[in-house]
Amino acid sequence: MSSYHLRLPSSIDACRPLFEFVMMMSDQERFDSCFASEFALVVKEAFVNAVIHGNRECPHCFVHLAFSVEQVRGRKVLYADISDEGEGFFLHEVPDPRLSFRLMEPSGRGLLFISSYAEITGLRKDCNGSTLSLLLYPY
């Protein structure tokens, strides 16, 4: 099993170092380049959600990311936890961006992108913030 941890400032400007970290991790784990791109998209969207909706762009907050790669029945499995230090959000309160009256809204597609490539296995909230848990199957 491999584990990776990253703590980034709650700023959209941290997307670049996040991308570089995800690519380094993908290289170390020998993920296919197509999967690495999907993984990067998922993690970026989860990070942006943590910055904007979780930490409310507070410059004093951080986003914590934890990844583990395991072999399960002969297949690699990637677990990802993306944690904010803010109020977070409830999954069931996020409106469907595919509804006709929401199509022109400037936000709301991040979770749709995430769920297209990863399984959302949970969203935990406590006094320290929220954690979005994801499951991916690298190839």
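Analyst: Start with a term. A crossing of two helices is left-handed if the near helix is turned anticlockwise from the far one by less than a right angle, and right-handed if clockwise. The model is a predicted one.

First, the setting. The protein chain holds 3 helices and 5 strands. From the N terminus, the order is β-α-α-β-β-α-β-β. The C-alpha trace spans about 40 × 35 × 25 Å along its principal axes. A compact globule of 139 residues would have a radius of gyration near 14 Å, and the 15 Å of the protein chain agrees with that.

Now one side of α2. Here α2 passes α3 in a left-handed crossing. The two axes come within 9 Å and cross at roughly 145°. From α2, the residues in contact are E38, L41, V42, E45, A46 and N49. They meet G110, L111, F113, I114 and Y117 of α3. By class, this contact has 7 nonpolar, 2 polar and 2 charged residues.

Next, α1. The axes of α1 and α2 come within 10 Å, again at roughly 145°. This crossing is right-handed. On the α1 side, the contact is made by C15, L18, F19, V22, M23, M25 and S26. On the α2 side, it is made by A36, S37, F39, A40, V43, K44, F47 and V48. The classes here are 12 nonpolar, 2 polar and 1 charged.

Then the core. The largest nonpolar core has 33 residues. Those touching the most other members are F39, F47, L65, F67, L78 and L134. The largest share, 10 residues, comes from α2.

Last, the chain as a whole. Of its 139 residues, 42% count as buried. Among contacts between residues at least 6 apart in sequence, 61% join residues at least 24 apart.

Definitions and conventions: Residues are numbered from 1 along each chain as its sequence is written. This is a predicted model: local features need pLDDT of at least 70, side-chain atom pairs count only at pLDDT 80 or more; totals for chains, interfaces and linings use all residues. Side-chain values use heavy atoms; hydrogens and water are left out. A nonpolar core is a set of buried Ala, Val, Leu, Ile, Met, Phe, Trp, Tyr and Cys residues joined through side-chain atoms within 4.5 Å. Buried means under 20% relative accessible area, exposed over 50%, partly exposed in between (1.4 Å probe, protein chains only). Helices (H or I, at least four residues) and strands (E, at least two) are DSSP runs, numbered from the N terminus. Axes are lines fitted to C-alpha atoms, for helices over the stretch in contact, and angles run from 0 to 180 degrees between N-to-C directions. Contact means heavy atoms within 4.5 Å. Ala, Val, Leu, Ile, Met, Phe, Trp, Tyr, Cys and Pro count as nonpolar, Asp, Glu, Lys and Arg as charged, and the others, Gly among them, as polar. The radius of gyration is taken over C-alpha atoms; the globule rule is 2.2 Å times the number of residues to the power 0.38.
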